[in-house]
Amino acid sequence: MALRVLIPAEVLRERVARLAAQICSDHPDGVVLVAVLKGSALFLADLIRTMTVPVQVDFLAVSSYAAGTGRVRLVKDLDADISGRDVVLVEDIVDTGLTLTYLHGELARRGPRSLSVCSLLDKSCRRIVPITVRYVGFEIGDEFVIGYGMDYAERYRNVGAVLAGELDVLRHDPDAYVAELFGR
Ligand code: IMP
């Protein structure tokens, strides 16, 4: 049943501000941040809050063809044309790397001036496809995380910290941690 705080809110705040500063210093003329819905929504919001260069934001959403296949397709495309622009793709977690490899390829063929990847969390021990993640918030092990925008079956996104839960427990009951977290 164990649910534990992996990264407290204050630690997230400080690290995200440092990532934002790093992105600004690498893109003094401004940057387009492309966030992958929905898991990176809180991360993106905190990232842009402290950025001091011109920032444009846009969103992508992906869906798996079939659970566990690792194959994804775009279900929401960008609004903006990114050709000639400096783009940073913002993700919540890089796990196998399949999602980001697909999205990176998709964006690269639209001719951005530069394209790099920023992920709050990196589970590099689970990587199947190698991918360069230029900005990494935290390296984590093989654990299932929720909170700070990340979900299990659309639950738990609205928790301020990153929590590690048990996937078997959640598979059995997606609401397993609701009482502990929200008191009901
Ligand atoms: P990848 O294609 O295997 O790298 O998976 C990346 C996506 O899987 C992330 O953007 C998340 O949406 C999801 N994901 C991977 N690990 C976790 C986790 O521990 N908690 C919640 N979502 C996860």
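**Reading the sheets, helices and ligand site**

Author: Start with a pair of strands: S1 and strand S9 (residues 162–165) are antiparallel partners, joined over three bridges. Keep in mind that this is a predicted model.

Reader: Which residue stands opposite isoleucine 7 in S9?

Author: Isoleucine 7 faces valine 162 there. Another pair is valine 5 with its bridge partner in S9, leucine 163.

Reader: Over how many bridges do S8 and S9 pair, and in which sense?

Author: Three bridges, in the antiparallel sense. Here valine 145 stands opposite alanine 164 of S9.

Reader: What is the strand order of the sheet that holds S9?

Author: The order is S1-S9-S8, an open sheet of three strands with antiparallel pairing. Strand S1 (4–7) and strand S8 (144–146) are at the edges with a single partner strand each, so one side of each has no neighbour in the sheet. From one strand to the next, the twist averages 45°.

Reader: How do I read the side chains of a strand?

Author: In a regular strand, side chains alternate between the two faces of the sheet. Now look at S9. Val162 and Ala164 point one way, Leu163 and Gly165 point the other way, and all are buried.

Reader: On to the six-stranded sheet. What is its strand order?

Author: Read it as S4-S3-S2-S5-S6-S7. This sheet is open too, and its pairing is mixed. Strand S4 (72–76) and strand S7 (135–139) take the edges, each with a single partner strand, so one side of each is left without a neighbour in the sheet. Neighbouring strands are turned by 30° against each other on average, direction ignored.

Reader: How many bridges join S5 to S6?

Author: Eight, and the two strands run parallel. Pick out leucine 89: its bridge partner in S6 is valine 117.

Reader: Which strands does helix H3 touch?

Author: Helix H3 (residues 98–108) packs on the sheet and touches S2, S3, S4, S5 and S6. Its direction makes about 165° with that of S5.

Reader: Which residues of H3 are buried?

Author: Leu100, Leu103, Glu106 and Leu107. Look down the axis of H3: these buried residues fall within an arc of 125°, so they line one face of the helix. They pack against S2, S3, S4, S5 and S6.

Reader: Then take helix H2. Which of its residues are buried?

Author: In H2 (residues 41–49), they are Phe43, Leu44 and Leu47. Down the axis of H2 they fall within an arc of 95°, so they line one face of the helix.

Reader: What covers the buried residues of H2?

Author: The cover includes helix H1 (9–26), strand S2 (31–37) and strand S3 (55–64). It also includes strand S5 (86–94) and strand S6 (114–122).

Reader: Let me try single residues. Is phenylalanine 43 buried or exposed?

Author: Compare its relative accessible area with the cut-off for buried, under 20%. Phenylalanine 43 has 1%, so it is buried. Next, list its contacts, leaving aside neighbours within four places in sequence. They are Val16, Leu19, Val90, Glu91, Cys118, Ser119, Leu120 and Tyr148.

Reader: How far apart in space are phenylalanine 43 and phenylalanine 182?

Author: They are 21 Å apart, C-alpha to C-alpha, and 139 residues apart in sequence.

Reader: Which side chains make polar contacts with the side chain of aspartate 86?

Author: One is that of arginine 113, at 2.7 Å. Another is that of serine 114, at 2.6 Å. Beyond four places in sequence, the contacts of aspartate 86 are His27, Gly30, Val31, Val32, Arg113 and Ser114.

Reader: Last, the ligand. Which residues come nearest?

Author: Of the 14 residues around the ligand, these are Asp92, Thr96, Gly97, Thr99 and Val145. Then check atom pairs. A polar backbone atom of glycine 97 is 2.9 Å from an oxygen atom of the ligand. For threonine 99, an N or O atom in the side chain is 2.4 Å from a ligand oxygen atom. Glutamate 91 has a polar side-chain atom 3.1 Å from an oxygen atom of the ligand.

Note on methods: Residues are numbered from 1 along each chain as its sequence is written. This is a predicted model: local features need pLDDT of at least 70, side-chain atom pairs count only at pLDDT 80 or more; totals for chains, interfaces and linings use all residues. Side-chain values use heavy atoms; hydrogens and water are left out. Buried means under 20% relative accessible area, exposed over 50%, partly exposed in between (1.4 Å probe, protein chains only). Helices (H or I, at least four residues) and strands (E, at least two) are DSSP runs, numbered from the N terminus. The arc is that of the directions from the helix axis to the C-beta atoms. Contact means heavy atoms within 4.5 Å. Two strands pair if DSSP finds at least two bridges between them. Axes are lines fitted to C-alpha atoms, for helices over the stretch in contact, and angles run from 0 to 180 degrees between N-to-C directions. A residue is near a molecule or strand if one of its heavy atoms lies within 4 Å of it. A polar contact is a pair of N or O atoms within 3.5 Å; within protein, one must be able to donate a hydrogen and the other to accept it, and residues adjacent in sequence count only if both atoms are side-chain atoms.
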